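Here's a quick tour of how this one is put together. Have a look at the model first, then we'll go through it piece by piece.

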Amino acid sequence: MAEKTNFNWRTAPRSIAKLMAWLPYFAQFQQANYQAAVANQEPSTMAKIPVLYPVRRAIRYAIESDADDPDPLTQLTLADFVAGQQPAGDFSDKESKVRQIVTTAEQYGLMDAKTARLTPVGQRAVAGQLSGEDFLVQLLKMYVMVDEQHGVFPMRTVLQLMAHFGALSRNELTFVFGTLDDAAVPTTIEAVQAFRTAYAKLPSRNDNRAVEALVIKVWHQFYPATADRKIISIQHDYTDALRRALEFTELFYSHGRGTAMKLRVSALNQPKLQQLVNDFAFVLPPKQSVDGHLVQKSARETLAWFGAVGNLPLPWDQPDARLQLVEDKLDHAARLFAALPDAPYAPAQVAVIKANLASASIQQLKDLESALDQAVLAQTELLYVQKEAQTPAARREILERFDTILTDKDQAALWLEVNTWRAFVALSGQDKEVIHHFQMNPDLTPKSFAPGTGNTPDMEVHLASSILVPEVSMMAGTVQWEHEASSVIDHVIKISQASPKPTLGVFISARINQRTLWQLFLLNRDSWLGQPVPVVPLTIKQFSAMMQVAYATDATAQEVATLLEQISAAARQLTTYIQWPATIESALAAWARR
């Protein structure tokens with residue numbers, strides 16, 4: 001058998017958010033026989049697809065029926081599709097997507113790939129109870145066998161590299177996959193350092209071919225011979241999938257684009273990183289009896305352990321470690337509130353709190369930590385609004401983040417609300433109040449899976465003479481029209497009825513569905529209320545370009561509002577909604593020439 005030169009990583013789907021969204025469809029079929037096969041009796045497909053797996057086809061149909069951009073197979077009835085019919089001329093393997101999901105879910109201990117049975121961890125995900133820390137535990141449990149005798153914990157490598165370097169690009173994450181023994185991490189540290197040194201000397205770091213060549217060169221210098229095309233696949237595909245998995249833990253976040261994207265641990269999570277590096281004991285999966293001998297298997301081959309809940313405590317689940325985390329957060333709060341002596345977490349108050357922590361229970365420590373997070377969030381947000389948002393660096397980061405959102409759906413789902421709020425805050429002047437109704441972490445990063453309640457908009461921009469109501473969405477297709485378009489309309493009506501100021505909605509999405517455009521066009525002209533309900537649709541690309549001009553010219557929020565009002569008014573002068581996109585583009589082009 002050829003020597004193994006890397007371990008593999010599932011890349012379909014590479015989005016953990018998407019994987020989690022698909023698990024409930026499998027929950028509906030837990031009592032069905034996933035392996036059951038029947039001969040295809042459908043004349044139009046039986047020659048190309050001789051065998052059918054009815055349960056897999058039923059799952060695929062359920063997934064596509066709710067998709068933003070569904071496969072044409074949904075034009076058939078469920079019964080006909082399960083029986084073997086497919087869209088005319090389409091003989092592709094419609095069951096492949098289901099197999100890919102199941103296999104990827106098994107990699108994280110969520111499901112058995114042979115039976116599609118959810119593990120307890122997978123069931124927790126379906127119930128909406130899987131936290132970022134729960135997923136972190138799954139990554140920490142992940143043990144990959146590289147041959148019959150040896151294996152590696154990928155997370156041990158990642159954590160040690162992160163602690164050593166402080167941040168890692170996706171280019172540098174490539175070398176994680178060449179680390180086939182936990183004792184080989186020092187070699188990988190050398191490889192990352194060698195890459196980093198040479199990368200800094202490249203004439204152009206935007207030369208993708210030169211960067212690829214450098215990754216290949218460093219790999220061959222430190223690891224066994226591997227085909228160049230495989231190294232490039234690791235660099236582009238494996239590192240992206242790994243990065244998404246790491247971000248799902250909420251311990252890590254990324255910034256930037258492509259393989260130069262940097263993965264970091266926020267300042268508030270640094271103590272957790274240090275505890276994982278210094279105090280966490282990686283645990284091998286229980287050995288299995290094979291022919292009378294106890295044999296070490298991978299985590300995926302030990303699903304009863306890998307997919308169990310609560311069998312691997314984190315360091316900060318222990319009282320002493322939790323106490324240290326809280327003390328670190330108190331120190332951070334003291335620095336943050338140093339200029340506010342009367343604040344609840346000013347240095348003097350923090351000293352008193354710390355003096356009484358020794359006798360606190362775990363629950364009391366958790367309650368204090370929660371209160372600390374809220375206070376730090378409020379102060380950090382205030383400082384961002386008052387001092388940081390309008391700096392060139394902050395504005396540049398906002399625009400770069402929009403680029404990332406457009407190319408990374410995981411990032412979009414998490415970041416679009418937060419970055420749109422930041423974009424309005426960063427406009428020149430202090431004559432505005434940008435109120436958000438979503439949750440953020442204390443470092444102003446998105447808080448995953450924040451539930452929306454009632455007729456509440458994503459955010460409101462209150463100006464001296466008007467109110468903007470931005471609503472963002474990554475939905476596409478008719479689902480966007482059915483759900484999101486109606487939401488922003490309801491928000492605008494509610495706010496306009498409660499305020500004498502003119503209210504204008506701004507609907508922002510990666511793409512604007514034709515039906516959404518049509519509906520908003522009509523409402524800008526008239527509504528069932530006897531008056532217009534003005535909502536301007538913009539793509540993320542258009543919104544980002546508009547803000548880029550605003551930052552470059554120091555435009556105020558009121559000037560941006562005036563532009564949006566002009567776009568809304570233009571709808572009332574046009575004959576048909578088909579003309580509106582060109583009018584919007586013309587208005588933005590004129591804005592760019594200001």
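Let's start with a helix pair: Pro319, Arg322, Leu323, Val326, Lys329, Leu330, His332, Ala333 and Leu336 in helix 14 meet Ile362, Leu365, Lys366, Leu368, Glu369, Leu372, Asp373, Val376, Gln379, Thr380 and Leu383 in helix 16. Contact here means heavy atoms within 4.5 Å, and helices (H or I, at least four residues) and strands (E, at least two) are DSSP runs numbered from the N terminus. Bear in mind that this is a predicted model, where local features need pLDDT of at least 70, side-chain atom pairs count only at pLDDT 80 or more, and totals for chains, interfaces and linings use all residues. Residues are numbered from 1 along each chain as its sequence is written, and side-chain values use heavy atoms, with hydrogens and water left out.

**Helix pairs**

- The axes of helix 14 (residues 319-336) and helix 16 (residues 362-388) come within 10 Å and cross at roughly 25°; axes are lines fitted to C-alpha atoms, for helices over the stretch in contact, and angles run from 0 to 180 degrees between N-to-C directions.
- That makes helix 14 and helix 16 roughly parallel to each other, on a scale where angles under 35 degrees count as roughly parallel, over 145 as roughly antiparallel, 65 to 115 as roughly perpendicular and the rest as oblique.
- The crossing of helix 14 and helix 16 is left-handed, a term for the near helix being turned anticlockwise from the far one by less than a right angle, with right-handed used if clockwise.
- Helix 7 (residues 154-165) packs against helix 12 (residues 270-279) at about 125°, with the axes 10 Å apart, so helix 7 and helix 12 are oblique to each other.
- Here Leu159, Met162 and Ala163 from helix 7 meet Leu273, Gln274, Leu276 and Val277 from helix 12, and this crossing is left-handed.
- Helix 22 (residues 557-571) and helix 23 (residues 580-592) pack at about 150°, their axes 10 Å apart, so helix 22 and helix 23 are roughly antiparallel.
- The crossing of helix 22 and helix 23 is right-handed, and its contacts bring Glu559, Val560, Leu563, Ile567, Ala570 and Ala571 in helix 22 to Trp580, Thr583, Ile584, Ala587, Leu588 and Trp591 in helix 23.

- An open, mixed sheet of 5 strands runs in the order 10-11-12-13-14; two strands pair if DSSP finds at least two bridges between them.
- Strand 10 (433-436) and strand 14 (535-539) are the edges, each with a single partner strand, so one side of each has no neighbour in the sheet.
- Strand 11 (residues 459-462) pairs antiparallel with strand 12 over 2 bridges, and 4 residues lie between them in a hairpin.
- Strand 12 and strand 13 are parallel partners over 7 bridges, one of the pairings being valine 469 with glycine 505 in strand 13.
- Strand 13 (residues 503-509) also pairs with strand 14, in the parallel sense over 5 bridges, and isoleucine 508 has leucine 538 as its bridge partner there.
- How many residues of strand 12 (residues 467-473) are buried? The count is 7 of 7, where buried means under 20% relative accessible area, exposed over 50% and partly exposed in between (1.4 Å probe, protein chains only).
- Helix 21 (residues 540-552) lies across strand 13 and strand 14, at about 95° to strand 14.

**The three-stranded sheet**

- Another open sheet has 3 strands in the order 5-7-6, with antiparallel pairing.
- Strand 6 and strand 7 (residues 262-265) are joined antiparallel by 4 bridges, and histidine 255 stands opposite lysine 262 in strand 7.
- Helix 11 packs on this sheet, touching strand 6 and strand 7, with its direction at about 130° to that of strand 6.

**Cores and a buried loop residue**

- The largest nonpolar core has 91 residues, of which Trp9, Tyr108, Leu140, Met155 and Phe252 touch the most other members; such a core is a set of buried Ala, Val, Leu, Ile, Met, Phe, Trp, Tyr and Cys residues joined through side-chain atoms within 4.5 Å.
- Helix 11 (residues 228-248) gives the most to this core, with 9 residues.
- A second, separate core holds 67 residues, including Leu399, Leu463, Leu523 and Ile584.
- Threonine 174 sits in the loop between helix 8 (170-173) and helix 9 (185-200), and is buried with a relative accessible area of 0%.
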